[in-house]
Amino acid sequence: MKVIHIAAVPAGESAADEWDDLVQPDRVHRRVYTDPAIFAREMDHVYAASWVYLAHESEIPEPNDFRQAWLGTREVIVTRDEEGQIRVFSNRCSHRGSTVCREHQGNAANFTCPYHGWRFDNRGQLFGIPGKNAYGPAFKARDMHLARPAQVASYKGFIFATLNSEAPPLAEHLGNATRYLDAWIEHNGGAQNIVLAGAQRFRVGCNWKLVWDNAGDGYHVPFSHQSLLVMTKERYGGGDMAYFADADRTRMSNNALDNGHTVVDQRPEMHRNSAWREQRPQPGREPYEAHVAATHSRDQAQRVLDTTVGAGMNLNIFPNLALIGNQVQVIQPLAVGETSLSWHATRRRDVDAEVNTMRLRTQEDFPVMGEMDDAANFEECQRGLMNSPEDEWVDMGRHWETGKDVPGPDGVVSGPVTTEIHMRNYYAQWKRLMQARPTLQMNKGKLP
């Protein structure tokens, strides 16, 4: 098996103390959002050298199904081969570098490069070269299969990969985020019942970390989403997220987990009585309640209503996966000031069409009525950081000095829901990765 080693540490590497200067305990330097050289290093040290979410197994349910995915700016193809095994390989022909797949998703037993007709099976193995008698022994001694990441693993349907052969196992990377991920999966009917449906996609003019900063931000809700909350109160007297008005007096929490992961836990408020009752009204609500009451027992009906709305947590698996409500958000960096966001709706295999329809209506509520607020903030943050270089620092000191971020016996540090522990936690992991000296690896040998 041939292995391609990719040097992840560029010439003239910055000293470790420079990263300490850029990321301090309660603030970060604007350069981490604006410097193209730092972005390029992130694509190696953060997005290639650590575990990155690619796709969900429900998106490729049948043999020969495929979809495109990305490890940062590295494009790959995720397939289910004829035997049902998950495969991941680079979308880059081993001949002249052209992409071999130009569709986002589909079903194909093989991929033919449109440039010169080289053919690869859906395991990434080369099996056809037009005019192959033009090649001699030196060529035939090479491995010309499509390059594969060093490690690929799946956790209950969530597919991850890394180019780092020395990265710890995926379960170790997930760490104490696993119990929250398990709770999210259970809320949605268990791993065997979750299906990713369609996605709303956004292209935002900002650095990817501005999106990630907000993924664990319980502070912005009553300000950024004021129009949504005011409308809800004036029309319906309250509803979902109204409890953020005086957030630090609630029982919600913001929690720092292993390896840069975090969770904003809204369940103590959202699910205190009934998450369904907290939800903002939407079309079809009353007929839907009648349908659930007619098709389920009283105890079952309440559980069905509550699973229709979100799980009550924002679970962030660093660096690119966020589980928000019942949705799966994927963050894809494009350039230092450009990011793609995908919000995937979910449905359940074990419920009827009426339940899944109402789940979709609920999932349309946000991001449709909220993400635009956030996207505007992200782009304005990027503009401010780019246009005011003398104002160097981004603050993340909320509750840094109040003593309210408290470690628990399980190793999880919890604080008020508006604490900026989310940023402090993931930036600690970001700095560790940026200071490391990983060797990135793509495998090109023949599969057994």
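A335 counts as partly exposed because its relative accessibility is 31%, where partly exposed lies between buried (under 20% relative accessible area) and exposed (over 50%), with a 1.4 Å probe and protein chains only. The model is predicted, so local features need pLDDT of at least 70 and side-chain atom pairs count only at pLDDT 80 or more, while totals for chains, interfaces and linings use all residues. Residues are numbered from 1 along each chain as its sequence is written, and side-chain values use heavy atoms, with hydrogens and water left out.

- A335 belongs to strand 20 (residues 327-335), strands being DSSP runs of E with at least two residues and helices runs of H or I with at least four, numbered from the N terminus.
- Between the C-alpha atoms of A335 and C206, which are 129 residues apart along the chain, the separation is 8.7 Å.

**Largest pocket**
- The lining of the largest pocket consists of 14 residues, with L210, D213, N214, D217 and C381 nearest its centre; a pocket is an open set of points on a 1 Å grid with protein on both sides within 12 Å along at least five of seven lines, and lining residues have an atom within 4 Å of a point.
- Helix 7 (208-215), helix 15 (371-387) and strand 22 (393-395) each give two or more residues to this lining, and helix 15 gives the most, with four residues.

**Helix 7 and helix 15**
- These two helices pack at an angle of about 130°, with their axes 10 Å apart; axes are lines fitted to C-alpha atoms over the stretch in contact, and angles run from 0 to 180 degrees between N-to-C directions.
- Helix 7 and helix 15 are therefore oblique to each other, the term for angles that are not under 35 degrees (roughly parallel), over 145 (roughly antiparallel) or 65 to 115 (roughly perpendicular).

Conventions
1 Å grid on protein atoms, 1.4 Å probe; cavity = no way out; pocket = protein on both sides within 12 Å on 5 of 7 lines; lining within 4 Å.
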